[in-house]
Amino acid sequence: MQSLEHVTKLRSLVAEWRSQNQTIGFVPTMGSLHAGHCSLVANARASCDRVVVSIFVNPTQFSADEDYADYPRTTDSDRQVLIKSGVDALFLPRVEDLYPNGTGRTTMVSIPGLNNELCGAHRDGHFDGVLTVVNKMLNILTPHALFLGEKDFQQLFMVRQMVSELMIPVEVIGVPTYREADGLAMSSRNQYLTVAERPKANSLYHSLCAIAQSLRSGNNDFTTLENQAMTTLNNLGFVSDYVEIRRQYDLARAEPMDKELVVLGAARLDKTRLIDNILVSR
């Protein structure tokens, strides 16, 4: 596996692969890798000739009160994980290279409205930062396929919209959420959970599953289902950000006649913010 920090060297490597008619799969990460990331890599490996993984803790997707400085950085162990996973190239860009004019004066990509809904309503500027850095990465790598986890459903949806509207020639592939045995969606931030918090951390997942079951049974009282789930989580010691039922195809608020739904939720256990979603067809 090659490790590269500089944009020009990565572009040269990608150009060489493309000259050989090899397909390139890209998995963007912030490091602190776990089995969920390995699942993304495995999907990329199965469908592409070459796989590039980036590790970059992107400052523009963290608001002032979030954990940018403390976000886990484990590059050495991550590198070993990627070697074992058969990754061809690891991209480790520097902040000053991706944001040469500084993070406060950079061109940003934004989707008005949706960037301030759901997780965006609780993380100021988060999705602007995500879309901006993904756009930069795609422009640098020009991959054939981009692999993202379905756990971050809003992020996946917004990246797909950006790719479509900005006419970026890449296929965006969503990979099913990778879970612990008790249902907890894998996340780098799960390591923040204390020994006492970990046994109940899967309650968000189970609350969303309960809503999904009710929806499949024909329950259309969306507001009551959402409020009951948030009350249950808060009684368990969570601080709920939201639980909402939306349409899969445009993330608008669901109506009783809608068939393809997604139940999304976010809640905090002390300093650990958990997010999850369940897709529902009825």
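Ala, Val, Leu, Ile, Met, Phe, Trp, Tyr, Cys and Pro are counted here as nonpolar, Asp, Glu, Lys and Arg as charged, and the others, Gly among them, as polar. By these classes, the lining of the second largest pocket comprises 8 nonpolar, 4 polar and 3 charged residues. The model is predicted: local features need pLDDT of at least 70, side-chain atom pairs count only at pLDDT 80 or more, and totals for chains, interfaces and linings use all residues. Residues are numbered from 1 along each chain as its sequence is written, and side-chain values use heavy atoms, with hydrogens and water left out.

**Second largest pocket**

- This pocket (an open set of points on a 1 Å grid over the protein atoms alone, with protein on both sides within 12 Å along at least five of seven lines) has a volume of about 180 Å³.
- Of its 15 lining residues (those with an atom within 4 Å of a point), Ile55, Phe56, Val57, Thr75 and Leu92 lie nearest the pocket centre.

**Helices α1 and α5**

- Helix α1 (residues 7–19) packs against helix α5 (residues 126–141) at an angle of about 50°, and their axes are 8 Å apart; helices are DSSP runs (H or I, at least four residues), and axes are lines fitted to C-alpha atoms over the stretch in contact, with angles from 0 to 180 degrees between N-to-C directions.
- Contact (heavy atoms within 4.5 Å) involves Val7, Leu10, Arg11 and Val14 of α1 together with Asn139, Ile140 and Leu141 of α5.
- That contact has 5 nonpolar, 1 polar and 1 charged residues.

**Helices α5 and α6**

- The axes of α5 and helix α6 (residues 153–165) come within 10 Å and cross at roughly 50°, so α5 and α6 are oblique to each other.
- Their crossing is right-handed (the near helix is turned clockwise from the far one by less than a right angle).
- Among the contact residues are Phe127, Val130 and Leu131 of α5 and Met158, Val159 and Met162 of α6.
- The contact of α5 with α6 divides into 9 nonpolar, 3 polar and no charged residues.

**Helices α7 and α8**

- Helix α7 (residues 203–216) and helix α8 (residues 222–235) have axes that come within 10 Å and cross at roughly 160°, which makes α7 roughly antiparallel to α8.
- The α7 and α8 crossing is right-handed.
- Contact residues include Leu204, Ile211 and Leu215 of α7 and Phe222, Leu225 and Leu233 of α8.
- By class, this contact has 7 nonpolar, 4 polar and no charged residues.

Terms used:
On a 1 Å grid over the protein atoms alone, a cavity is a set of points where a 1.4 Å probe fits but cannot get out, and a pocket is an open set with protein on both sides within 12 Å along at least five of seven lines; lining residues have an atom within 4 Å of a point. Grid points are joined across faces, edges and corners, and a volume is the space filled by probe spheres set on the points. Helices (H or I, at least four residues) and strands (E, at least two) are DSSP runs, numbered from the N terminus. Angles under 35 degrees count as roughly parallel, over 145 as roughly antiparallel, 65 to 115 as roughly perpendicular and the rest as oblique.
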